[in-house]
Amino acid sequence: MRKRFEVQLALGKVPIERVVLPLNSRDELPPILAGLQWIFQSPEINSQIFALLESKLVAGKKATGRPGLDLWHILVLGVVRLGLDCDYDRLEYLANYDSLLRQILGLSPVQSAEEKPFHYKTLSENMGHVDEELLQQINAIVAQAGRAVFKKKENGSAEPICAKADTYVLETNVHFPTDLNLLWDAQRKCLELAGRLARGQQLEGWRKAQDWRHKLKGQLRVLTKLSHGGGRNKEQRVRTAAEGYLRASERLEAKVFETMRALRACPLGGVEFAELIQLDYFHTALIKQMDLVERRLLREETIAHQEKVFSLFEPHTQWIAKGKLFPPVELGHPLLITTDQHELILDYQRLNSWPEVGTAIPLADRLLGRYGAGNIVSLSFDKGFSRQEDQELLELYIPQVVMPKRGKRNRSEEERESQKSFRALRNRHQAIESDINCLEHHGLNRCLDKGLHGFERYIGFGVLSYNLHKIGARLLQRKQESRLRQTALRAAA
């Protein structure tokens, strides 16, 4: 049973809307908490977001049983984790001992005996119930409502949107892949899982599992050193070492296969069955990597890109080479970000392929559908998005489209890109680089969550924490300016 938040406040608790936040702190946390407080005390935004959370996390479940984590707690802690770029261990500490965060959560500043402490496992499991679709909807609400915070006049309307779009790579949490270290990954996981399952079912044959590990690791180091070194007869020495390593790998593969066949005849519990599925996956990966190593080192074949796997633990990882000097290669997924003149992220999307050509039209469709054609006065891209037909179609709906052409330009294109308005918007487009840098400091530099589902959820929480940080910083700035004006008036009186 979950509820939105605790309505009945106990003695010592401060209402969330009355929590006093520091105005002069340079830490990342107060602006994020100010943005969350803004959500809580804005009735329209509050109701929309809680309705979305309830439809995902509560709908279809009985209102009985032990109380689960409040919806407000899940939202706040998910945002804080990405905003501070911290892991669940630090989040557990902050939720239990940081007085300011606890007040925003609706708890007493100091943990009482009646309050159950947060545990990192509880936090990670509850965050896992949130998905990318839900966060997309919440981010759309926050971005649309947040633009009103940046109005020049309180009674005025929000400014028309000057949008900027660019991509960067959000990395997965993987090591740099080679066919040899991927083969070792498969070997060590097979040794670990097969040995544990065999001991649990009292199967023989894995008494020397640790010795297997030491010998295979030693052979890997010798082969890696020979492959990267030089000297006389290098090819022959590499070939001999590779043959020995592959023979040992074949013996391991046969041993793992026999163990899997024996385990399938045993009565397995739920955890053991899940580990057997993992063992089957890594056994298949072991066979594939053995084949790739043999083809590359013994048959001297060139492996096609589509046959390669860049991580056994995050198989969705893409190999992205942008042609830059540093970094030459990035491992992850390209992320398309669109911001406005107030640095709020209006739209984001994980791209399935690189480069970004062909993504401008779907992006414009989403923006026009969300904000209306009359509210977007300009949309700027860099040369990577350039395509003539895309530009011509966009100009039918958006007054000013900045899409510099790659390569040589003709006279009409030179005239168009030399216009004062075009050059001004192109210069302003560079501001999105600082927005991306700020986003990377809010956790979206390397994804720590596992799986593609976790990757997309990580993006959603990161964008939400970024936007709330921008909104909260603006709200705190306005409060500080108001306080300074009141101080000046009292001094003048």
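User: Which residues line the largest cavity?

Analyst: This is a predicted model. In it, the lining of the largest cavity is made up of Gln 136, Asn 139, Ala 140, Ala 143, Ile 345, Leu 346, Asp 347, Tyr 348, Arg 370 and Val 463.

User: How do the lining residues divide into nonpolar, polar and charged?

Analyst: Six are nonpolar, two are polar and two are charged.

User: And how much space lies in there?

Analyst: About 50 Å³ in the largest cavity.

User: What lines the second largest cavity?

Analyst: Leu 53, Ile 74, Leu 75, Val 130, Leu 134, Leu 135, Ile 138 and Phe 461. Two elements give two or more residues to that lining: helix H3, residues 71–83, and H7.

User: Which element gives the most there?

Analyst: H7, with three residues. H7 also supplies at least two residues to the lining of the largest cavity.

User: How many of the residues lining the second largest cavity are nonpolar, polar or charged?

Analyst: Eight are nonpolar, with no polar and no charged residues. The lining of the largest cavity, for its part, includes two polar and two charged residues.

User: Last thing, how does one find where empty space is left?

Analyst: A probe the size of a water molecule is rolled over the atoms, and that shows where empty space is left.

Terms used: Residues are numbered from 1 along each chain as its sequence is written. This is a predicted model: local features need pLDDT of at least 70, side-chain atom pairs count only at pLDDT 80 or more; totals for chains, interfaces and linings use all residues. Side-chain values use heavy atoms; hydrogens and water are left out. On a 1 Å grid over the protein atoms alone, a cavity is a set of points where a 1.4 Å probe fits but cannot get out, and a pocket is an open set with protein on both sides within 12 Å along at least five of seven lines; lining residues have an atom within 4 Å of a point. Grid points are joined across faces, edges and corners, and a volume is the space filled by probe spheres set on the points. Helices (H or I, at least four residues) and strands (E, at least two) are DSSP runs, numbered from the N terminus. Ala, Val, Leu, Ile, Met, Phe, Trp, Tyr, Cys and Pro count as nonpolar, Asp, Glu, Lys and Arg as charged, and the others, Gly among them, as polar.
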